[in-house]
Amino acid sequence: MTKVILYIAASLDGYIARSDRGIDWLSILDTEGEDYGYAAFYESIDAIVLGSNTYEVGLSFDEWPYAGKKSFVFTQRHLQSDREDIVFVSDTVEQALANLEAQGFQNIWLVGGGALINSFLQHSLIDEYIISTIPIILGGGIHLFPPPSPEEKLELINSKQYPNGLVQSHYRQKVKG
C-alpha cells in the first residue's frame with residue numbers, strides 16, 4: 001500500500017515560502033552536523049511528488065536536490081527536462097497516486113507547494129505529516145495549508161525539539177470511524 005508523507009518546513013505563522021517563492025529564511029537552520037533527520041527520511045522514500053513552482057525552486061539550486069529518486073512534477077504547463085528521473089504529470093492527484101502505486105512506489109514524499117498539498121488534502125491522501133516549525137514569523141507568503149482546507153484529524157506520533165528552536169512534529173492521519 002502506498003503511503004504519502006508530507007515532509008516540510010514552515011514558519012511559526014504557517015508559511016512555506018515568501019510570496020516570491022523565496023526560501024532564504026531556511027538558512028537559519030544551517031547547523032554543522034545537523035540534518036534534522038533528513039538523510040534517514042530521504043533513504044526511506046521511493047519517489048517524490050511536487051508542484052511545478054516547487055520544481056522551479058529546485059532548479060535554482062547548484063544541483064538537483066532530489067537526485068537518485070524519481071520525481072513526479074504536477075503541472076498543467078508544458079515543462080521539459082533532460083533528466084530521466086523527472087516525470088511531468090497532469091493527471092488528478094488521485095489518478096497519479098494510483099499510477100505510482102501501480103509502478104510499485106510505496107513511500108512517497110509530498111514536497112510541496114501549497115496548492116499541491118491542498119489537492120492531496122482535499123482528497124484525504126496524506127498519510128503522515130512531518131512538519132518542522134521554524135522559529136521565525138514571516139508575516140506573509142505561501143501558506144502551508146492554503147484556504148480553503150478541509151478538516152483533517154491527526155494523531156501525534158512524536159515530536160522533537162532542537163537547540164536552535166526548530167520543533168519537528170510527526171503526525172499520522174487519524175483512522176476514520
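Start by selecting the buried residues of helix 3: what covers them includes strand 1 (3-11), strand 3 (47-51), strand 4 (70-74), strand 5 (86-89), strand 6 and helix 4. Contact here means heavy atoms within 4.5 Å, and helices (H or I, at least four residues) and strands (E, at least two) are DSSP runs numbered from the N terminus. The model is predicted, so local features need pLDDT of at least 70 and side-chain atom pairs count only at pLDDT 80 or more, while totals for chains, interfaces and linings use all residues. Residues are numbered from 1 along each chain as its sequence is written, and side-chain values use heavy atoms, with hydrogens and water left out.

**Helix 3**

Colour residues 93-102, then pick out V93, A96, L97 and L100, which are buried in helix 3. Buried means under 20% relative accessible area, exposed over 50%, and partly exposed in between (1.4 Å probe, protein chains only). Now look down the helix axis: the buried residues line one face, because they fall within an arc of 100°, taken from the directions from the helix axis to the C-beta atoms. An α-helix has 3.6 residues a turn, so residues three or four places apart point the same way. Step past the end of helix 3 to G104, whose phi is positive, near 95°.

**Backbone stops**

Most residues other than glycine have a negative phi, and most peptide bonds are trans. Go to R21, in the loop between strand 2 (15-17) and helix 1 (38-44); its phi is near 75°. R21 is partly exposed, at 32% relative accessible area. S124, in the loop between helix 4 and strand 7, also has a positive phi, about 55°.

For cis peptide bonds, select G112 and G113, where omega is near 0°. G113 sits in the loop between strand 6 (107-112) and helix 4 (114-122). The bond from P147 to P148 is cis too, with omega near -5°, and P148 belongs to the loop between strand 8 (142-143) and strand 9 (154-161).

**E128**

Next, centre on E128 in strand 7 (residues 128-134). E128 counts as buried, with 13% relative accessibility. Which residue does the side chain of E128 join through a polar contact of 2.6 Å? The partner is H170. Such a contact is a pair of N or O atoms within 3.5 Å; within protein, one must be able to donate a hydrogen and the other to accept it, and residues adjacent in sequence count only if both atoms are side-chain atoms.

On a 1 Å grid over the protein atoms alone, a pocket is an open set of points where a 1.4 Å probe fits, with protein on both sides within 12 Å along at least five of seven lines; lining residues have an atom within 4 Å of a point. Strand 1 gives the most to this lining, with 3 residues.

Finish at the largest pocket, which holds about 1,200 Å³ of space. Of its 40 lining residues, the closest to the centre are I23, L26, F61, Y66 and V111. Show helix 2 as well: helix 2 gives the most to the lining of the largest pocket, with 5 residues. Volume here is the space filled by probe spheres set on the points, with grid points joined across faces, edges and corners.
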